[in-house]
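Please open the model in the viewer and keep the sequence panel beside it.

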Amino acid sequence: MANIIVIGMQWGDEGKGKIVDLLTEFADVVVRFQGGNNAGHTVVVGEETIILHLVPSGALHSQKKCLIGNGVVVDPQVLLEDIDDLKKRGYFKNDNQLLISEDAHLILPYHRRMDVARERMKGEGKIGTTGRGIGPAYEDKVGRVGIRVGDLLDEKIFREKLEANLSMRNACLETCLHDKGFGLEAILKEYVGYARKLKKYVGNTSIFIDRQMKQGGHILFEGAQGTHLDVDHGTYPFVTSSNTVAGGACTGAGVGPTKITEVIGVSKAYTTRVGGGPFPTELKDKVGERIRERGREFGATTGRPRRCGWLDIPLLRDAIRLNGITGIALTKIDVLSEFDPIKICTSYKYRGERLEEVPSQVKVLQECEPVYEEIQGWKTELRNTREFDDLPPRAREYVRYVEELTNVEVIIVSVGERREETVLRRNPFLHGPRLL
Ligand code: IMP
């Protein structure tokens, strides 16, 4: 039995979709456990590029069960669009493939409007959210007024809860945020329509996972966003509203920590960030622009250009500690093929002091200057490489340097966006972690 969590080690967009899609072949069940449609997981199969916002990336394998756990916030409209898109492309023929937790919370239209209106009011100090209503939906959950998928299936309960919430939310929208409120009947009609379509997918995901585990099934937990967007451990307040770290898989899927066998961290060979917040290795020059162009660094959900910079080892060290990562998947190394030299940030300098780890205060991190080591570039395209030993010596050196600096083995090197453009050094479903 192998139950593996895949986590982003940076600020999201590390290429988790591709890694999950690759590993799904060896799993029986793939589970999303936090976040919502702020995520956009891109998978390239043949000539097709598929972006999934809520359905786990495992959906492209017809025999695999896909779960949306209780920790996810579900926008039913987006979920149905994901499903429709998959069906149109010839995937997801069997509705049994998807199971949505009855305890997952719903995103409602007022969450989206509040998200956008609050950002507008913040002006310069805005977080740069995706505007999908993620924060307000999680606020309702923690505030114990949230409406869950299970409530949606009972029209009477849904109406009662919606009515109670709407009076509060409309007052807030109109009085504090100077925006428009919503009428009850319109939302009710829209959501009852969603309920009809979603009903067949809803159930208890925690019990399902437990049964699968007891039968020896392999479970893959698909993280969304990245470690440094975690609401507790990230660059607060420039974070998302869920626990993106590996611990979130246990609460967000209803699984005990003793059941998890390994945590794989996904990191780009460089760093990107969307939205506001500190980013010590950010490049605001031509090199940054070239990385953005070569890596096609534009948000999969919002289309916003991503901020780009060199690889930041303190970020990865933190991610390893916070998640218990035992293997790294290093993605988009092919994007670096054009650069010489290539820089790696090995520590920060803060007011004359060396820092090996990420300071928790955003103000301190904002003042940190990266300390770089330079590596010679390999200046060779890597897309056709499938074996580690066939990588150019300097690319191998880059990978080994990452291992040396983090003390964790790099088990996958991704050399292109397609499934096959991958160097697999260890399959975590077949072989356990190796200490360096
Ligand atoms: P929210 O999750 O929409 O509230 O946005 C909060 C912050 O997280 C913003 O900086 C977003 O750009 C960032 N964010 C949320 N989801 C993702 C993602 O999937 N990839 C990268 N950044 C994200």
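Which domains does the domain assignment of the protein chain give? The assignment lists domain 1 (3-101 + 202-262), domain 2 (105-198) and domain 3 (267-424). The model is predicted, and the stops that follow should be read accordingly.

**Domains 2 and 3**

Colour the chain by domain and select domain 2 together with domain 3. Their C-alpha centres lie 37 Å apart. Contact between the two involves 5 residues of domain 2 and 5 residues of domain 3.

**The open sheet**

Next, show the strands as a cartoon and hide the side chains. An open sheet of 10 strands runs in the order E9-E7-E5-E2-E10-E1-E11-E15-E19-E20, and its pairing is mixed. At its edges are strand E9 (202-203) and strand E20 (422-424), each of which pairs on one side only. Strands of a sheet pair through backbone hydrogen bonds, either parallel or antiparallel.

Are its faces covered or open? Both are covered: Val 29 and Val 31 are buried on one side, and Val 30 and Arg 32 are buried on the other. In a regular strand the side chains alternate between the two faces of the sheet.

In strand E5 (residues 65-68), Val 30 stands opposite Cys 66; E2 and E5 run parallel and are joined by 4 bridges. In strand E10 (residues 219-222), Val 30 stands opposite Leu 220, and here too the strands run parallel, with 4 bridges joining E2 to E10.

Cys 66 stands opposite Leu 98, and Ile 68 has Ile 100 as its bridge partner in E7. E5 and E7 run parallel, joined by 3 bridges. Within E7, Leu 98 and Ile 100 point one way, Leu 99 and Ser 101 point the other way, and all are buried. Ser 101 leads on to strand E9, where its bridge partner is Gly 203; 2 bridges join E7 to E9 in the parallel sense.

**A hairpin**

Strand E3 (residues 41-45) and strand E4 (residues 48-52) pair in the antiparallel sense over 5 bridges. Val 44 has Thr 49 as its bridge partner in E4. The two strands form a hairpin with 2 residues between them, and Gly 46 in the turn has a positive phi of about 60°.

**The second largest pocket**

Select Gly 71, Tyr 138, Lys 141, Asn 243 and Thr 251, which lie nearest the centre of the second largest pocket among the 13 residues that line it. Helix H4 (134-142) and helix H9 (247-253) are the elements that give two or more residues to this lining. The pocket holds about 170 Å³ of space. What is the division of its lining residues into nonpolar, polar and charged? There are 3 nonpolar, 9 polar and 1 charged. Domain 1 and domain 2 each supply at least three residues of the lining.

**Gly 15**

Centre the view on Gly 15, in the loop between strand E1 (3-8) and helix H1 (16-24). Leaving aside residues up to four places away in sequence, Gly 15 touches Val 266 and Thr 331. Gly 15 counts as partly exposed because its relative accessible area is 27%, between the limits of 20% and 50%. Draw a distance from Gly 15 to Tyr 398: these residues are 383 apart in sequence and 19 Å apart in space, C-alpha to C-alpha.

**Backbone geometry**

The last selections concern the backbone. Most residues other than glycine have a negative phi, and most peptide bonds are trans.

- Tyr 236 to Pro 237: this peptide bond is cis, with omega near 5°. Pro 237 is in the loop between E10 and H9.
- Asp 340 to Pro 341: this peptide bond is also cis, with omega near 5°. Pro 341 lies in the loop between strand E15 (327-331) and strand E16 (342-350).
- Lys 332: this residue is in the loop between E15 and E16, and has a positive phi near 55°. Its relative accessibility of 22% makes Lys 332 partly exposed.
- Asn 407: phi is positive, near 65°, in the loop between helix H13 (393-406) and strand E19 (410-414). With a relative accessible area of 56%, Asn 407 is exposed.

Notes:
Residues numbered from 1 in each chain as written. Predicted model: local features only at pLDDT ≥ 70, side-chain atom pairs only at ≥ 80, totals over all residues. Heavy atoms only, no water. Buried < 20%, exposed > 50% of the residue type's maximum accessible area, 1.4 Å probe, protein only. Pairing = 2+ DSSP bridges. 1 Å grid on protein atoms, 1.4 Å probe; cavity = no way out; pocket = protein on both sides within 12 Å on 5 of 7 lines; lining within 4 Å. Points joined across faces, edges and corners; volume = space filled by probe spheres on them. Nonpolar A, V, L, I, M, F, W, Y, C, P; charged D, E, K, R; others polar. Domains from an automatic or database assignment. Contact = heavy atoms within 4.5 Å.
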